[in-house]
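Let's take a friendly walk through a protein model, one region at a time. Have the sequence and the 3D view ready as you read.

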Amino acid sequence: MKTGLTRRSFLKTSAGAAAGTILSSSALSVCAKTSQGRFKGELKKSLYWRMLPKEMTVLERFRLIKEAGFHGVEIPTIEKPELIEELKSAVENTGIEIHSIMNQSHWENPFSSGDPEVIKKGMAGMKLSLQNAKELGAGAVLLVPGVVGQTNDAKGRVSYKDAYERSQKYIRELLPLAKELDVIIAVENVWNKFLLSPLEFARYVDEFDNPHLKAYFDVGNIMLYGYPWDWIRTLGDRIVKVHIKGFTTGAEKLRSFCNLGDGNIDWIEVRRAFSDIEHSGYIGAELSGGDAEYIKDVSRRMDKIIAGKKIKEA
């Protein structure tokens with residue numbers, strides 16, 4: 001999603017060198033699918049659209065997604081009708097599913113704002129994202145619900161209480177449209193100084209008491225202030241979508257996002273946690289972009305996560 005925060009600057013960094021592997025992406029994908037038998041729930045692989053080579057056409061990118069062994073893709077909000085048609089054609093040609101839309105208006109126009117003009121733009125952005133999802137067959141739209149302490153708000157700094165109450169107010173206004181379109185609004189945990197514990201996140205979702213409002217859980221984002229397996233087990237079936245990325249903890253200057261397996265996330269415990277809640281559905285890589293070989297390497301790393309295996313040997 002579009003933001004000036006540190007977590008999103010990671011997406012603009014250059015791709016790391018792809019790790020070598022003996023098995024091909026397709027062969028390892030078969031192994032991963034077989035290995036899921038010892039876990040409850042079935043996980044499917046996805047990646048974010050902007051990870052793919054920009055020089056490729058839409059259809060070429062979809063073909064790469066399929067060749068690399070992914071099942072689906074998440075795309076940002078689409079404003080051009082002609083691109084919608086191009087995406088539909090690529091889906092039909094490859095069988096790759098567009099499973100989620102990443103809303104693009106929530107950082108500049110968050111629902112935590114006290115400025116009516118900001119809210120107006122934010123609502124318009126979410127309505128467009130929901131319509132995109134309906135047109136493209138996506139089951140969910142990712143939403144960052146608000147930002148605490150934001151200073152570019154016309155009404156001054158945003159308090160935690162305001163972010164909580166305002167975001168719920170405007171999301172509730174969108175839920176009738178979400179129901180009509182049969183699309184889930186999936187609220188994600190990000191570095192926005194908001195919903196900072198799994199108990200609070202669970203309460204936030206439960207207060208809507210609506211099947212069209214669920215959680216979009218990001219494994220890497222939690223590492224700064226919690227343990228992903230704890231959040232997964234606490235949120236349980238509130239989770240509808242998942243983002244994964246590596247993260248390195250430690251001294252403040254060394255904290256950073258990284259490729260899967262390059263940080264110090266315990267991916268085996270993460271996999272166990274998803275099994276414990278019997279989660280099924282997409283887990284989506286949200287990493288820096290790269291060439292075809294890099295994309296295939298990410299897919300292989302994801303196969304190991306799904307299979308409950310170490311990504312790299314010590």
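Predicted model: local features only at pLDDT ≥ 70, side-chain atom pairs only at ≥ 80, totals over all residues.

Which residues of α4 are buried? They are Ile84, Leu87, Ala90 and Thr94. Looking down the axis of α4, you would find its buried residues within an arc of 125°, so they line one face of the helix.

## The glycine after the helix

Just after α4 comes glycine 95, with a positive phi of about 80°. Glycine 95 belongs to the loop between α4 (81–94) and β3 (97–102). Is glycine 95 buried or exposed? Its relative accessibility is 59%, and because exposed means over 50%, glycine 95 counts as exposed.

In soluble globular proteins, nonpolar side chains tend to be buried together. In this model, the largest nonpolar core has 96 residues, and those with the most contacts inside it are Leu130, Ile171 and Ile185. Helix α6 (residues 160–181) gives the most to this core, with 9 residues.

Setting aside residues up to four places away in sequence, isoleucine 171 touches Phe111, Leu143, Pro145, Ile185, Val187, Tyr204, Phe208 and Leu213.

## Rings that meet

A pair of aromatic rings is described by the distance of the centres and the angle of the planes. The model has 14 aromatic pairs. In one of them, the rings of phenylalanine 194 and tyrosine 204 have centres 5.8 Å apart and planes at 85°, so this pair is edge-to-face. The pair links distant parts of the chain, 10 residues apart: phenylalanine 194 is in the loop between β5 (184–188) and α7 (198–206), while tyrosine 204 is in helix α7. Both phenylalanine 194 and tyrosine 204 are buried.

Tyrosine 204 also pairs with phenylalanine 208: their ring centres are 5.5 Å apart and their planes are at 70°, so that pair is edge-to-face. Tyrosine 204 has a relative accessibility of 0% and so counts as buried, and phenylalanine 208, at 8%, counts as buried too. Ring pairs join Tyr160, Tyr164, Phe194, Tyr204 and Phe208 into a cluster.

## Charges over rings

Which charged residue sits over the ring of phenylalanine 208? The charged end of arginine 172 does, 4.9 Å from the ring centre. Elsewhere, lysine 45 lies over the face of phenylalanine 70, at 5.4 Å from the centre of that ring.

## A buried asparagine

Our last stop is asparagine 259, in the loop between β9 (256–258) and α10 (267–276). Its relative accessible area is 9%, so asparagine 259 is buried. Leaving out residues up to four places away in sequence, asparagine 259 touches Gly246, Leu287, Tyr294, Asp297, Val298 and Arg301.

Conventions. Residues numbered from 1 in each chain as written. Heavy atoms only, no water. Phe/Tyr/Trp six-rings, centres within 6.5 Å; stacked < 30°, edge-to-face > 60°. Helix = DSSP H or I, 4+ residues; strand = E, 2+ residues; numbered from the N terminus. Buried < 20%, exposed > 50% of the residue type's maximum accessible area, 1.4 Å probe, protein only. Lys NZ or Arg CZ within 6 Å of the ring centre and 35° of its normal. Arc of directions from axis to C-beta. Core = buried A, V, L, I, M, F, W, Y, C linked by side-chain atoms within 4.5 Å. Contact = heavy atoms within 4.5 Å.
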